[in-house]
Amino acid sequence: VIPASASSAVAGDSSPEQRSAMDCVADALKTGYRALECAEFYGNEAEVGKAIAESGIPREELFLCSKVWTTTIERGAEAVRSQLKASLDALQTSYL
């Protein structure tokens with residue numbers, strides 16, 4: 001069973017009118033969400049990673065996914081591997 005999920009599509013830059021991705025993800029985790037959809041294109045994986053780290057929720061209780069943008073895929077396998085490492089680092093995790 002996969003629990004409720006949340007897209008982390010809030011942009012990395014927040015304006016006074018828009019809450020940050022970190023705040024949105026923190027609230028989602030507090031509410032019980034355990035599946036987070038991320039993407040290179042969203043530009044906010046570091047904020048999502050910080051919210052996860054600060055939540056105290058064990059990593060094994062979370063379902064994380066991230067998507068590689070098409071322009072990265074078009075650059076080949078090494079570019080995809082590099083982006084995967086960047087996503088893992090930003091999300092502060094060792095697996096998706």
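**Cysteines and the strand pair**

Guide: Cysteine 24 counts as partly exposed, at 26% relative accessibility. That class lies between buried, under 20% relative accessible area, and exposed, over 50%, with a 1.4 Å probe and protein chains only as cover. The model is predicted: local features need pLDDT of at least 70, side-chain atom pairs count only at pLDDT 80 or more, and totals for chains, interfaces and linings use all residues. Residues are numbered from 1 along each chain as its sequence is written, and side-chain values use heavy atoms, with hydrogens and water left out.

Cysteine 38 is buried, with a relative accessible area of 0%. The closest cysteine sulfur to that of cysteine 38 belongs to cysteine 65, 6.7 Å away, which is too far for a bond. A disulfide needs two cysteine sulfur atoms within 2.5 Å. The search of the whole structure finds 0 of them.

Now the strands. Strands and helices here are DSSP runs, numbered from the N terminus: E of at least two residues, H or I of at least four. E2 pairs with strand E3 (residues 63-67) in the parallel sense, over 5 bridges. Pairing requires at least two DSSP bridges between the strands. Alanine 35 stands opposite phenylalanine 63. Leucine 36 has leucine 64 as its bridge partner in E3. In a regular strand, side chains alternate between the two faces of the sheet.

Step back to the chain. It has 4 helices and 3 strands. Their order along the sequence is β-α-β-α-β-α-α. Of its 96 residues, 33% count as buried. Among contacts (heavy atoms within 4.5 Å) with a separation of 6 or more, 70% join residues 24 or more positions apart.

Serine 20 sits in the loop between strand E1 (5-7) and helix H1 (21-31). Serine 20 is buried, at 12% relative accessibility. A polar atom of the serine 20 side chain lies 3.0 Å from the backbone nitrogen of aspartate 23.

Next, helix H3 (residues 70-74), which holds isoleucine 73. Isoleucine 73 is partly exposed, at 48% relative accessible area. Beyond its neighbours within four places in sequence, isoleucine 73 contacts Val68 and Val80. Glutamine 83 is 10 residues from isoleucine 73 in sequence, and their C-alpha atoms are 9.4 Å apart.

The last stop is glutamine 92, in the segment after helix H4 (77-91). Its phi is near 60°, a positive value in a residue other than glycine. Most residues other than glycine have a negative phi.

How values were computed
A polar contact is a pair of N or O atoms within 3.5 Å; within protein, one must be able to donate a hydrogen and the other to accept it, and residues adjacent in sequence count only if both atoms are side-chain atoms.
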